[in-house]
Amino acid sequence: MSPHPRQFQSSMLVSSLLAAAALFACGCNRMNGYAANVQGMNYYKQGNYTAARHEFHRAAIEHPGNPDYLHNMAMAMQKQRDVAAADHMFRRALTADTAHQPSYHSLASLMKEQGRTQEAVALMDGWSQSQPRSPTARVETAWIQRETGNSAAAEQELRQALRMQPNHPTALAHLGQLYQDTGRNREAVALYQRSLTANYNQPQLHSRLASMRPLHVYS
């Protein structure tokens, strides 16, 4: 089985690393929220999800409208197997920001893990329809289509994303993986190279591309 397409994107735990000057300008509450979020991230990486959830909750109290903090709290809840609470919190994040990509992806992943694949597809379709000019929404819709075995629909969504933004690095990488999975290696390599030109900082994509080169000679 090929690696999850999400490997080409950033970690699902949102860092929210803002400039210090901007934080001080926003006031103490936001600074406290930022500090609590950072501490929560540290606990999360250590596998201490109870402490992480507590810190993310503190961050959300200090800055209730920040979807990143709500998303991170939902991720900690999910790690604790508090699925209902995680589902609810992801939805709260989407209420705070109706275009919050991490929350769409995480909620759809949660649904898929529970066997609620039709709900996951409907969630992404709804986002894509509500944001017809968003290539990111198309990329995420393609991801869930691919995860549910609909490669043709996934390819169509990715091509639409690239028509909107021809050098979208994630769309290029995902389409490349889709092509690699179906044996279209030459096209896959070309797309991977384009993706790295747009965003060179993709270590896993570098590894994938390097593993393919001994198999074929490309100009």
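**Two helix pairs**

Helices α6 and α7 are roughly antiparallel to each other, a label for angles over 145 degrees. This is a predicted model in which local features need pLDDT of at least 70 and side-chain atom pairs count only at pLDDT 80 or more, while totals for chains, interfaces and linings use all residues. Residues are numbered from 1 along each chain as its sequence is written, and side-chain values use heavy atoms, with hydrogens and water left out.

Now for the details of that pair. Helix α6 covers residues 101–113 and helix α7 covers residues 117–130; they pack at about 160 degrees, with axes 7 Å apart. Helices here are DSSP runs of H or I, at least four residues, numbered from the N terminus. Axes are lines fitted to C-alpha atoms over the stretch in contact, and angles run from 0 to 180 degrees between N-to-C directions. On the α6 side, the contact (heavy atoms within 4.5 Å) includes Tyr104, Leu107 and Met111, and on the α7 side Leu123, Met124 and Trp127 are among the residues involved. By class, this contact has 8 nonpolar, 3 polar and 2 charged residues; Ala, Val, Leu, Ile, Met, Phe, Trp, Tyr, Cys and Pro count as nonpolar, Asp, Glu, Lys and Arg as charged, and the others, Gly among them, as polar.

Further along, α9 (residues 151–164) packs with α10 (residues 169–181) at about 150 degrees, their axes 9 Å apart. That angle is why α9 and α10 are roughly antiparallel to each other. Leu158 and Leu162 of α9 are among the contact residues, as are Leu175 and Tyr179 of α10. This contact divides into 9 nonpolar, 2 polar and 2 charged residues.

Methods. Angles under 35 degrees count as roughly parallel, over 145 as roughly antiparallel, 65 to 115 as roughly perpendicular and the rest as oblique.
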